[in-house]
Amino acid sequence: MSHPVPQPVKLADDITRQLGQLADHLSQLPAPQAAQVIARVLDPEAGVLSRVTHLVITGSHFAKGEAERGVLPAEVWLALGRAANELHDIGLDLDEHQDLLKDLGARPAATAAAKPVAPAPLVARRHR
């Protein structure tokens, strides 16, 4: 007899599937719609990235408690903490582009195609 999957595990599976579907759709959208989707995903208040960051932070707190009890190695807690910090930093880096993405998403498709942004080098250096 198989054991039922707990609701939170099913929820995680469903979210993972839906994120894959969103990525598939994103690759086929016109630029303004793709920009709208990306802007929503990266929204610092309610976007997917901020929610995933919060989830990893919560996982880090869980792992810390389990590491302190000896159930998990401390490396698991440290790795989740690093991941949370990195995701937070990435969110901050992307936040500065939020308005540009929103503006591009608000343009009609013809306007977006008529006024292309000047080409930029594909490699940019981050300044810290």
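Arg17 has a relative accessibility of 45%, which counts as partly exposed. The burial classes are set as follows: buried is under 20% relative accessible area, exposed is over 50%, and partly exposed lies in between (1.4 Å probe, protein chains only). This is a predicted model, in which local features need pLDDT of at least 70 and side-chain atom pairs count only at pLDDT 80 or more, while totals for chains, interfaces and linings use all residues. Residues are numbered from 1 along each chain as its sequence is written, and side-chain values use heavy atoms, with hydrogens and water left out.

Arg17 forms a salt bridge with Asp14. Their closest N and O atoms are 4.0 Å apart. A salt bridge here is a side-chain nitrogen of Lys or Arg within 4 Å of a carboxyl oxygen of Asp or Glu. Both residues sit in helix 1 (residues 7–26), three residues apart, so about one helical turn separates them. Helices are DSSP runs of H or I with at least four residues, strands are runs of E with at least two, and both are numbered from the N terminus. Asp14 is also partly exposed, at 23% relative accessible area. The pair belongs to a network of salt bridges that links Lys10, Asp14 and Arg17.

How many salt bridges does a search of the whole structure find? It finds four. Side chains of opposite charge can pair when their charged atoms come close.

Glu68 and Lys64 form one of these bridges, at 3.9 Å from N to O. Both lie in helix 3 (residues 48–68), four residues apart, or about one turn. Glu68 is exposed at 61% relative accessibility. Lys64 is partly exposed at 34%.

Arg69 bridges to Glu66, with the closest N and O atoms 3.1 Å apart. Are these two residues buried or exposed? Arg69 is exposed, at 60% relative accessible area. Glu66 is buried, at 16% relative accessibility.

Helix 2 (residues 31–42) has twelve residues. At 1.5 Å a residue it should span 16 Å, and its end C-alpha atoms are 16 Å apart, which agrees. The expected span is 1.5 Å times one less than the number of residues.

Which residues of helix 2 are buried? They are Pro32, Ala34, Ala35, Ala39 and Leu42. They cover an arc of only 160° around the axis, so they lie on the same side of helix 2. The arc is taken from the directions that run from the helix axis to the C-beta atoms.
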